[in-house]
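Visitor: I'd like a quick walk through one part of a protein model. Can you take my questions one at a time?

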Amino acid sequence: MQKDQLSILQTISGAEFEFVSANKNPFGIKYYEHKCKDFTEYQDIAGQFNEVGNIVYRCLNYPDKTFSIIVLENEMDAFRYDSVDYNRISDIKELQPIGKINGNDVFLEPILTSKKTCSTIVSGWNRAIVVVNINGHRLPFYVSSGAAGKDKGFGIPSGKWYPLQGLSGRWLNKMPDMMKNPYPELDQICELLEQKFPGTKMKQDASNGSLPVVDIQNLLQIANYNFPEGVSLTEYTNYAYVKNYCVYLPEIINAWRSKPTDFLNISDGFLSLTDQKILKKVQKLQLFCSVTLQDDYIWFKPIEDNTYEYVTYSGFDTEDGIYQALLNLGIALPYITKNGTQGFGISVQDFVNYFTRRKQQAFEKASEKLTKNNVPASKKPNSFQSIINKVSEFFKD
């Protein structure tokens, strides 16, 4: 992956880049870096990137007045970098890891405040909120204020840290059972946050105005980053909520359990590679299971907490159920199960072939539709192009 991406960067810019891991820089993010001989070279490379588009880059200034151009994984990492570069975060120590989970550093994301500064702990709706970043995958946590009466009505203690499945306006999407987290990593994060930032104090600070007030739009963007299909306005029975819990939350946990990659996980633009593009397409299928990329395989894994009747009824809590769901979608592909690991993998190349066939079938249908409708020859090019455009939009790389 890294070699391919570096080759693409060299082809575009004519310059050689090298990989910098998150633990080798003060920002806690990974990137590709090219040290420029002067600012003119930086401007030349930046111009090349601007022509290509879809490349997130920044200028890195060193104390000795030398320049580097760095290519980042996404806009979230760029915001983290900008928060330091633009002096929106007052203390660089806030961006240092607060601990480790599964050997991975635990970072807190800088969040824009109403005063246009940045803070890693903010007050939103009189509640203390942070966004945890492990291995590039983000999940928000908050301290319950007790204002909603969950402590009295449901026995859920206030003044404690709890994980969220994103935010929607004033709605905080909580776990199905706040008394029992579905993954041990969530308990570990809550314990780590409690050690560093005691919940009772955070509850008090949020209520009396001691914490900086958040810029809501920036918080929503960061907190919901790994819930790409959005966050529901309700919980438990809503389709989006169920999918976030059954699909995207397990993917976040899987990333927290994996070793950091030495390449940029980009699914769009020139730096995206075939494996990453295919993964993104598969994730968009109507599947309620974890879908990840491992080596040359797309890996499918049943959810660990199968309390949802829909999931159990549809069979997504077993390997056979997931494979049957793939068959129902017209995906009849061989799969390989790794010994000792729950779930199964299907070759990326098999999915490449599958999506290629679907694309070909779509074009054939478009041609048949034109023929059956007896479109005049003079209008065929425009009509055909219109259909192609719609098809291409769905299957674009």
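What follows is a short chat about a strand, its partners and the cavities of this predicted model.

Visitor: Is strand β12 mostly covered or mostly open, and how many of its residues are buried?

Guide: Start with the span: β12 takes in residues 161-168. Buried here means under 20% relative accessible area. By that cut-off the strand is mostly covered, and the buried count is eight of eight.

Visitor: Okay, which residue stands opposite P163 of β12?

Guide: Look to strand β11, residues 137-143, which runs antiparallel to β12. Three bridges join the two strands. Opposite P163 you'll find F141.

Visitor: And in β13, which residue is the bridge partner of S168?

Guide: β13 covers residues 171-174 and pairs with β12 in the antiparallel sense, over three bridges. One of the β13 partners is K174, which goes with L164. For S168, the partner is W171.

Visitor: Which residue in the hairpin of β12 and β13 takes a positive phi?

Guide: Check the turn, as there are two residues between the strands. One of the hairpin's residues has phi near 60°, and that's G169.

Visitor: Now the voids. How much space lies in the largest cavity?

Guide: Y183, P250, N254, S290, K301, P302, I303 and E304 line the largest one. Its lining splits into four nonpolar, two polar and two charged residues. The space inside is about 50 Å³.

Visitor: What about the second largest cavity: how many charged residues does its lining have?

Guide: This one holds about 40 Å³ of space. Its lining includes Y162, M175, D177, M178 and N181. By class there are four nonpolar residues and one polar, and the charged count is two.

Terms used:
Residues numbered from 1 in each chain as written. Predicted model: local features only at pLDDT ≥ 70, side-chain atom pairs only at ≥ 80, totals over all residues. Heavy atoms only, no water. Buried < 20%, exposed > 50% of the residue type's maximum accessible area, 1.4 Å probe, protein only. Helix = DSSP H or I, 4+ residues; strand = E, 2+ residues; numbered from the N terminus. Pairing = 2+ DSSP bridges. 1 Å grid on protein atoms, 1.4 Å probe; cavity = no way out; pocket = protein on both sides within 12 Å on 5 of 7 lines; lining within 4 Å. Points joined across faces, edges and corners; volume = space filled by probe spheres on them. Nonpolar A, V, L, I, M, F, W, Y, C, P; charged D, E, K, R; others polar.
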